[in-house]
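Work through the exercises below with the model in view. Try each task before reading its solution.

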Amino acid sequence: MKWINTLLAASRDFKRDPCPGPKLAQNMRDAGFQDVQEIRYKLPIGPWPKDKFLKTVGSWNLIQIEEGLEAFTLRLFTQVLGWQQEEVQVLLANVRKDLRDPKIHAQFD
């Protein structure tokens, strides 16, 4: 939780919206699109779901997060928040461990 809460706060400090999803449908309407439909999905992070399809989605989602974790964390934490790179690496090691923990049912919603 520390990582994601800090990442979201740093994004806002950097004047970037870290969660644009909930606003996309309204942005489309504001741009003149009509009959905009919004469908929300919860996407698992990791292969913890029992459902075969969601297990596959979660596995791929975990891979894409792990591949980008360092890249989208380092700049914000070091340049915006002033952390040392070594501090960030220790935090990320714990994040990776937690993401792989099948007892933790992380998801995007």
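**Exercise 1.** Describe how H3 and H4 pack.

Step 1. H3 and H4 pack at an angle of about 155°, and their axes lie 10 Å apart. Axes are lines fitted to C-alpha atoms, for helices over the stretch in contact, and angles run from 0 to 180 degrees between N-to-C directions. Helices are DSSP runs (H or I, at least four residues), as strands are (E, at least two), numbered from the N terminus.

Step 2. H3 and H4 are therefore roughly antiparallel to each other. Angles over 145 degrees count as roughly antiparallel, under 35 as roughly parallel, 65 to 115 as roughly perpendicular and the rest as oblique.

Step 3. The crossing of H3 and H4 is right-handed. Right-handed means the near helix is turned clockwise from the far one by less than a right angle; anticlockwise is left-handed.

Step 4. Ala, Val, Leu, Ile, Met, Phe, Trp, Tyr, Cys and Pro count as nonpolar, Asp, Glu, Lys and Arg as charged, and the others, Gly among them, as polar.

The model is predicted: local features need pLDDT of at least 70, side-chain atom pairs count only at pLDDT 80 or more, and totals for chains, interfaces and linings use all residues. Residues are numbered from 1 along each chain as its sequence is written, and side-chain values use heavy atoms, leaving out hydrogens and water.

**Exercise 2.** At what angle do H1 and H3 pack, and what does the contact contain?

Step 1. The angle between H1 and H3 is about 60°, with axes 10 Å apart. That makes H1 oblique to H3.

Step 2. The crossing of H1 and H3 is left-handed.

Step 3. H1 contributes residues including Trp-3, Thr-6 and Leu-7, while Phe-72, Phe-77 and Val-80 are among those from H3. The contact of H1 with H3 divides into eight nonpolar, three polar and one charged.

**Exercise 3.** Locate Trp-83 and list what it touches.

Step 1. Trp-83 sits in the loop between H3 and H4.

Step 2. Not counting residues up to four places away in sequence, Trp-83 touches Lys-2, Thr-6, Phe-77, Thr-78, Val-88 and Leu-91.

Step 3. Asp-17 is 66 residues from Trp-83 along the chain, and their C-alpha atoms are separated by 21 Å.

Definitions and conventions:
Contact means heavy atoms within 4.5 Å.
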